Amino acid sequence: MHKDAVHDSPLRGRVAVITGAARGIGSALAQQLSGAGMRVALLGREARTLHQAASALPGPSLCVEADVTDQGALDHAAEQVARQLGDASVVVANAGVAAGGPFRQMDADLWRRVIDVNLIGAADTARAFLPQLARARGYFLQIASTAAFGSAPMMSAYCASKAGAESFALALRGEVEPDGVAVGIAYVHWTGTDMISGLEDHPVLRALRGHQPWFARRVHSPDQVAEWLTAGVHRRALHIYAPPWLRWCQPLRPLFPAVVARVARHELRRSTAEGLAGDIGLMGPGGRADWDAYGSDARRSHPLR
């Protein structure tokens with residue numbers, strides 16, 4: 001970003017909080033907002049990767065290792081942010097994990113963990129930082145997904161969590177508007193993060209992408225997505241589309257479930273039960289790191305198990 005643009009930015013000198021900031025979109029967005037002159041707090045589960053991301057930022061930053069499903073940890077993180085950086089003016093609920101596989105064969109704890117991180121974690125984040133956002137008359141950005149447009153088989157937890165996160169943000173918007181807090185929703189399409197590094201191993205996702213128009217199949221870099229998000233943060237946008245052409249899909253949303261179901265049904269008929277069962281698991285190292293940390297936490301809480 002040009003130096004004059006940073007100097008003139010309405011974000012300059014303000015504080016941003018980003019969950020899931022250790023890698024992918026979160027890390028790229030931290031870079032963009034820091035470049036716009038913001039002081040950035042990076043929250044995440046992977047301490048080493050989190051500090052690596054922070055070390056590349058051009059401006060002041062703070063790293064806080066926290067699980068977004070732990071309200072106490074987030075409340076403590078909010079205290080640290082206020083004490084060391086100041087009240088947050090921008091909070092981005094970006095933390096997310098994804099797991100693929102047949103619902104009937106997926107471990108119930110794994111399915112629930114996706115919901116907890118992507119949906120409950122967003123609510124926990126809002127609950128921890130809304131007092132600061134109210135004082136700053138700030139902006140809360142919920143990272144959603146086109147998975148909320150049409151639910152894909154084999155991705156039930158992820159699609160349910162993103163549809164729920166969208167609905168939560170819409171409800172929250174009406175509640176906090178009188179306090180001067182704006183709530184935005186970002187709809188993100190195919191993005192080249194670690195989460196989709198195994199995209200070709202998931203038959204339904206592979207088929208869905210293959211049946212999309214050429215421009216919709218394009219995988220955008222986290223840096224490009226972060227640029228679109230940053231532009232929306234500047235405007236306190238109610239909706240951010242990454243890529244921008246997604247805004248024209250909103251009126252067509254009632255059609256998407258039927259289209260997705262038709263493509264998925266064809267692909268599932270071609271696959272064996274053994275093949276589908278082999279696709280069960282978390283997608284990307286970030287999700288696996290969260291699951292490993294969650295397992296360690298559970299063992300510490302229940303040492304006799």
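Reader: What do the buried residues of H2 pack against?
Author: In this predicted model, they pack against E1, strand E2 (39-44), strand E4 (90-93), strand E7 (182-188) and helix H9 (222-235). The buried residues of H2 are Ile25, Gly26, Ala28, Leu29, Ala30, Leu33 and Ser34.

Reader: What makes the reach of helix H2 close to the expected one?
Author: Set the two values side by side: H2 (residues 24-35) has twelve residues and goes 17 Å from first C-alpha to last, against 16 Å expected at 1.5 Å a residue. After H2 comes glycine 37, with a positive phi near 100°.

Reader: Why is threonine 19 called buried?
Author: The cut-off is under 20% relative accessible area. Threonine 19 sits at 1%, so it counts as buried. This residue belongs to strand E1 (residues 15-19), and its contacts, leaving out residues up to four places away in sequence, are Leu43, Val68, Val92, Ala93, Asn94, Ala95 and Thr125.

Reader: How do you know that aspartate 67 and arginine 45 form a salt bridge?
Author: The rule wants a side-chain nitrogen of Lys or Arg within 4 Å of a carboxyl oxygen of Asp or Glu. Here the closest N and O atoms are 3.7 Å apart, and the pair forms a salt bridge. Aspartate 67 is in the loop between strand E3 (61-65) and helix H4 (71-84), arginine 45 in the loop between E2 and helix H3 (47-55), so the bridge ties together parts 22 residues apart in sequence.

Reader: And what meets arginine 113 in a salt bridge?
Author: That's aspartate 67 again, at 3.1 Å, N to O. This one links the E3-H4 loop to helix H5, 46 residues apart. Both aspartate 67 and arginine 113 are buried; for aspartate 67 the relative accessible area is 10%, against the cut-off of under 20%.

Reader: Why are aspartate 109 and arginine 112 about one helical turn apart?
Author: Because they are three residues apart in helix H5.

Reader: How many salt bridges does the rule give?
Author: The count comes to seven.

Methods
Residues are numbered from 1 along each chain as its sequence is written. This is a predicted model: local features need pLDDT of at least 70, side-chain atom pairs count only at pLDDT 80 or more; totals for chains, interfaces and linings use all residues. Side-chain values use heavy atoms; hydrogens and water are left out. Helices (H or I, at least four residues) and strands (E, at least two) are DSSP runs, numbered from the N terminus. Buried means under 20% relative accessible area, exposed over 50%, partly exposed in between (1.4 Å probe, protein chains only). Contact means heavy atoms within 4.5 Å. The expected span of a helix is 1.5 Å times one less than its number of residues.
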